[in-house]
Amino acid sequence: MKKILAAAFALLLLCGCGGTRQEITPALSDKLLSSGAFEGSDMEQLDGDILGMLYGLEDGLVKECVGYLASNTSVSADELAIFLCVDGDAAERVEQACRDRLESQLEVSRAYCPAAVPRLEKGIVKREGAGVVLAVGDPEKLAGIKELK
């Protein structure tokens, strides 16, 4: 009996080690926007068609998405985009599109808005399952958000 209890306890410990993990879904945007990682409340929400165009996404890859850009992109590179894709393969393609967007924004900023470069260099692209997030904001505050680690 003690061996069974010890095994059960060990299993509970192993299962609990990961803690609660929040999936990457569009609902995560509220938490990220309220974190203070993005410049003020000057983020404009974008619809799915605009996001698809900005990221060069093919139709049929994404089930749901939400995106925000700094209202004055000539001064701020802050950006948040969250995609819930149709499957893992689609998420890989969207992740690459996010990486490409981040690199493109970095190249443009080096030439036209050098003050934005540090934020872009520390921009985060993360894929988990069918969810993908791109976040460009205050690097210190983004680093403290567990869902982005």
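**Figure 1. Arg-110 and its salt bridge with Glu-121 in the predicted model.** Arg-110 has a relative accessible area of 46% and is therefore partly exposed. Its side chain meets that of Glu-121 in a salt bridge, with an N to O distance of 3.6 Å. The pair links distant parts of the chain, since Arg-110 lies in helix H4 and Glu-121 in helix H5 (residues 117-121), 11 residues apart.

**Figure 2. The salt bridge between Arg-127 and Glu-95.** In this pair the N to O distance is 2.9 Å. Arg-127 belongs to strand E4 (residues 124-128) and Glu-95 to helix H4; 32 residues apart, they link distant parts of the chain. The two partners fall into separate accessibility classes: Arg-127, at 34% relative accessibility, is partly exposed, whereas Glu-95, at 14%, is buried.

**Figure 3. The network of Glu-95, Arg-99 and Arg-127.** The contact between Arg-127 and Glu-95 is itself a salt bridge.

**Figure 4. The salt bridge between Arg-93 and Glu-58.** The closest N and O atoms of this pair are 2.5 Å apart. Arg-93 is located in helix H4 (residues 88-112), while Glu-58 occupies the loop between helix H3 (48-55) and strand E2 (62-70); the pair, 35 residues apart, thus connects distant parts of the chain. Arg-93 is partly exposed, with a relative accessible area of 43%, and Glu-58 is likewise partly exposed, at 47%. The structure holds seven salt bridges, including this one between Arg-93 and Glu-58.

Technical notes. Residues are numbered from 1 along each chain as its sequence is written. This is a predicted model: local features need pLDDT of at least 70, side-chain atom pairs count only at pLDDT 80 or more; totals for chains, interfaces and linings use all residues. Side-chain values use heavy atoms; hydrogens and water are left out. A salt bridge is a side-chain nitrogen of Lys or Arg within 4 Å of a carboxyl oxygen of Asp or Glu. Helices (H or I, at least four residues) and strands (E, at least two) are DSSP runs, numbered from the N terminus. Buried means under 20% relative accessible area, exposed over 50%, partly exposed in between (1.4 Å probe, protein chains only).
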